[in-house]
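Reader: I'd like to learn how to read charged side-chain pairs in a model like this one. Could you walk me through it?

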Amino acid sequence: MFLATQLQQDTLKSHPPENKSMKKATFTGISVSTIFYLLCGLLGYAAFGNKAPGNFLTGFGFYEPFWLIDFANVCIVIHLVGAYQVFCQPIFGFVEGWSRQKWPESKFITKEYMINLSHLGLFNFNFYRLVWRTLYVVFTTILAMLFPFFNDFVGFIGAASFWPLTVYFPIQMYIAQAKIPKYSFTWIWLNILSFVCLIISLLAAAGSVRGLIKSLQEFEPFQSRS
């Protein structure tokens with residue numbers, strides 16, 4: 001039995017290293033996103049100019065086929081739920097860590113309760129974490145409903161986060177990890193790429209700000225805007 005197991009393990013292909021898997025996943029994800037953004041942005045603007053709608057599926061007044069609109073909305077929900085978690089976790093961690101240092105003797109803030117969820121294992125529960133995160137989600141939801149400029153806000157946030165998170169920091173980390181000499185050919189073209197993306201981000205942010213100002217002129221609380 002042991003010999004058979006050993007022979008089976010010897011014939012199994014080992015898993016690729018994490019850095020190679022992440023590199024492939026990152027390259028695939030960013031490539032697909034870039035293709036979709038270019039198709040919607042460049043082709044949409046080339047076809048409709050400034051009249052290009054923020055939502056190409058419903059921006060022209062057509063809501064059929066209904067299944068396609070519903071599928072697109074489900075995809076948006078899945079995408080934003082994941083993105084919301086990514087953006088909120090650093091805020092949650094900062095506030096909760098600061099609160100523990102500020103009030104270390106408060107059991108409401110520091111006390112952790114272990115809950116056994118049967119087959120799911122043990123779960124850490126904290127009353128402060130529950131109350132604070134719930135209030136944060138409620139507040140941001142009401143704020144989003146109060147200022148319903150979805151496309152302009154998403155465009156501004158995307159433009160503001162694109163260059164530092166997607167371009168600048170990854171490039172600088174790669175330069176430091178690969179120990180690329182300063183002012184070498186690779187160092188120069190990487191920094192040129194970073195500078196070009198910075199200009200694109202600034203232009204996109206300026207366009208989003210203009211859209212927000214224009215939307216505020218017709219602002220009505222809790223009224224949706226495309």
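Author: Happy to! Let's begin with accessibility: buried means under 20% relative accessible area, exposed means over 50%, and partly exposed lies in between. Keep in mind that this is a predicted model.

Reader: Is arginine 133 buried or partly exposed?

Author: Its relative accessibility is 24%, so arginine 133 counts as partly exposed.

Reader: And why would charged side chains pair at all?

Author: Side chains of opposite charge can pair when their charged atoms come close. Here, the side chain of arginine 133 forms a salt bridge with that of glutamate 96, at 2.8 Å from N to O. Arginine 133 sits in helix α5 (residues 127–146) and glutamate 96 in helix α3 (residues 66–102), so this contact ties together parts 37 residues apart in sequence. Glutamate 96 counts as buried, at 6% relative accessibility.

Reader: How many salt bridges are there in the whole structure?

Author: A search finds three.

Reader: Which residues are linked in a network of salt bridges?

Author: Arg100, Glu112 and Arg129. Glutamate 112 meets arginine 100 at 3.9 Å, N to O. That pair links distant parts of the chain, with glutamate 112 in the loop between α4 (107–110) and β1 (113–116) and arginine 100 in helix α3, twelve residues apart. Glutamate 112 also meets arginine 129, at 3.1 Å, N to O. Arginine 129 belongs to helix α5, 17 residues from glutamate 112.

How values were computed: Residues are numbered from 1 along each chain as its sequence is written. This is a predicted model: local features need pLDDT of at least 70, side-chain atom pairs count only at pLDDT 80 or more; totals for chains, interfaces and linings use all residues. Side-chain values use heavy atoms; hydrogens and water are left out. A salt bridge is a side-chain nitrogen of Lys or Arg within 4 Å of a carboxyl oxygen of Asp or Glu. Helices (H or I, at least four residues) and strands (E, at least two) are DSSP runs, numbered from the N terminus. Buried means under 20% relative accessible area, exposed over 50%, partly exposed in between (1.4 Å probe, protein chains only).
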